[in-house]
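Please open the structure in your viewer and keep the sequence beside it.

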Amino acid sequence: MSDATTTEYHITSLVIHAAQQHQPQLQQQISALAGAEVHTCTDDGKMIVTVEAESQQAILDQVEAINGLRGVLSSSLIYHQVDQNCH
């Protein structure tokens, strides 16, 4: 019988479409979320964001939190990867 445990690590990327007047505030709010990072913002209100977490539920919770922020018009999941490691 093995004592090895499997841990997951999730990485997700999103394109966020934000109201332009809220974009600076949203960039700060999103960056303050655990595991979230804003990589770039465009002049027309689009933001490229990654979220990293140890579970799919944590990713879903962060995406839901982002969607609930004032000024977020929409979000699109672009990429999701799960790495599993045995310890």
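Which residues are buried in helix α1 (residues 23-32)? Select Gln23, Leu26 and Ile30: these are buried, meaning that each has under 20% relative accessible area, whereas exposed means over 50% and partly exposed lies in between (1.4 Å probe, protein chains only). Helices here are DSSP runs (H or I, at least four residues), numbered from the N terminus.

This is a predicted model, in which local features need pLDDT of at least 70 and side-chain atom pairs count only at pLDDT 80 or more, while totals for chains, interfaces and linings use all residues. Residues are numbered from 1 along each chain as its sequence is written, and side-chain values use heavy atoms, with hydrogens and water left out.

Next, look down the axis of α1.

Now move to helix α2 (residues 56-67) and select Gln62. Gln62 is buried, at 14% relative accessibility. Its side chain reaches the backbone oxygen of Ala34 at 2.7 Å.

Finally, select Lys46 and Asp44, whose side chains meet in a salt bridge (3.4 Å, N to O). The term denotes a side-chain nitrogen of Lys or Arg within 4 Å of a carboxyl oxygen of Asp or Glu, and by this rule the count comes to one. Lys46 is partly exposed at 36% relative accessibility, and Asp44 is partly exposed at 41%.

Notes: Helix = DSSP H or I, 4+ residues; strand = E, 2+ residues; numbered from the N terminus. Polar contact = N/O pair within 3.5 Å; in protein donor to acceptor, adjacent residues only side chain to side chain.
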